[in-house]
Each structure stands twice: as C-alpha cells, then as structure tokens.
Amino acid sequence: MRITVTLQALALLIQSITAGFLLASPDGRMLHGLTALVVVFTGAIQLLVAILVWRPGGGPPRFIINSAFLLVLSMAEAAIGEAHAPELHVPLGVLLFGGSIVLLSQVWSQGRGSRAAAP
C-alpha cells in the first residue's frame with residue numbers, strides 16, 4: 001500500500017509540473033495528457049491494492065474508500081481537462097494532490113508491523 005500511494009502522490013506531483021509545461025512548451029499538452037493517464041492508472045492499481053490489503057490482509061477498509069474517491073476524482077479531472085474547463089480543472093487538481101498527501105500520511109503513519117501498510 002505504501003508503494004502505490006507514494007507512486008500516486010508522485011504521479012500527481014509530476015502532473016502538476018507538466019501543467020506548467022502547457023504554458024511553456026508546444027509539447028506540453030501531450031505530456032500533460034500522458035501523465036494524466038499515469039495518474040488514473042496508478043489510482044486504479046492503488047484501489048486494487050487497497051482491496052487486497054483489506055480483504056485477505058485484514059487491513060482497514062478506509063483505504064478502499066479513500067482510494068476509490070481519489071480514482072473517481074482522477075477520472076473526472078481527466079474528463080474536465082479534455083473539456084478544456086480550467087476553472088474546474090485547476091482547483092480539482094489541487095484537491096487531488098491534497099487528498100493524495102492525506103492518504104500518504106495515513107498509510108505511512110500505520111505501524112511498521114501493520115498489515116495495512118504492507119505493499
């Protein structure tokens with residue numbers, strides 16, 4: 001779980017960096033679009049891992065809810081970006097990154113011996 005949550009937070013950080021490339025580079029839109037796919041993919045993997053940690057591993061179900069929420073927001077963010085609605089896209093991106101940091105802190109604050117924190 002720690003690995004997937006960290007990867008998603010990193011993907012969202014890179015996504016925010018590529019947002020700046022939209023202003024500075026002709027290839028910025030393509031790069032931002034590709035990193036959006038990475039964000040959604042890591043969100044899906046994270047949700048799968050959260051389910052696997054919870055069900056057979058006895059981990060807390062709250063990680064499933066948080067991961068599902070972030071995945072749905074990531075997909076909405078990608079759709080809003082494709083619709084070229086920056087007035088919604090930018091604040092939602094900030095919310096996504098903040099949510100990923102909250103989940104990151106929750107997962108990493110679990111005890112080292114906890115099954116919920118296992119990858």
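Leaving aside its neighbours within four places in sequence, with which residues is Thr35 in contact? Select Thr35 and display its surroundings: the residues in contact, meaning heavy atoms within 4.5 Å, are Ile14, Gln15 and Thr18. Residues are numbered from 1 along each chain as its sequence is written, and side-chain values use heavy atoms, with hydrogens and water left out.

Thr35 belongs to helix H2; helices (H or I, at least four residues) and strands (E, at least two) are DSSP runs, numbered from the N terminus. Thr35 counts as buried because its relative accessibility is 11%; buried means under 20% relative accessible area, exposed over 50%, and partly exposed in between, with a 1.4 Å probe and protein chains only. Show the side chains of Thr35 and Thr18, which make a polar contact at 3.1 Å. Such a contact is a pair of N or O atoms within 3.5 Å; within protein, one must be able to donate a hydrogen and the other to accept it, and residues adjacent in sequence count only if both atoms are side-chain atoms. The side chain of Thr35 also reaches the backbone oxygen of His32, at 3.0 Å.

**Second stop: Gln15 and helix H1**

Now select Gln15, which is found in helix H1. Gln15 is buried, with a relative accessible area of 12%. A polar atom of the Gln15 side chain lies 3.3 Å from the backbone nitrogen of Ala36. Beyond neighbours within four places in sequence, Gln15 is in contact with His32, Thr35, Ala36 and Val39.

Select Leu104, in helix H4. Leu104 touches Val5, Thr6 and Ala9, not counting residues up to four places away in sequence. The C-alpha atoms of Leu104 and Leu7 are separated by 9.7 Å, although these residues are 97 apart along the chain.

Which residues of H4 are buried? They are His89, Leu92, Leu96, Ser100, Leu103, Leu104 and Val107. H1, H2 and H3 are included in what covers them.

**Fourth stop: the nonpolar core**

A nonpolar core is a set of buried Ala, Val, Leu, Ile, Met, Phe, Trp, Tyr and Cys residues joined through side-chain atoms within 4.5 Å. The largest one has 22 residues, of which Met1, Val5, Ala50, Phe63, Leu96, Leu103 and Val107 touch the most other members. Helix H1 (2-24), helix H2 (28-54), helix H3 (62-82) and helix H4 (86-109) each give two or more residues to this core. The largest share, six residues, comes from H3.

Move to His84, in the loop between H3 and H4. His84 is exposed, with a relative accessible area of 53%. Its phi is near 55°, a positive value in a residue other than glycine. Most residues other than glycine have a negative phi.

**Last stop: the whole chain**

Zoom out to the protein chain, which has four helices and zero strands. Of its 119 residues, 37% count as buried. The C-alpha atoms fill a box of roughly 45 × 20 × 20 Å, taken along the principal axes.

Finally, colour by pLDDT, the predictor's confidence in each residue, from 0 to 100. The mean over the protein chain is 89, and 92% of residues reach 70 or more. Over residues 114-119, the pLDDT is below 50. Where pLDDT is low, the predicted coordinates should not be read in detail.

Notes. This is a predicted model: local features need pLDDT of at least 70, side-chain atom pairs count only at pLDDT 80 or more; totals for chains, interfaces and linings use all residues.
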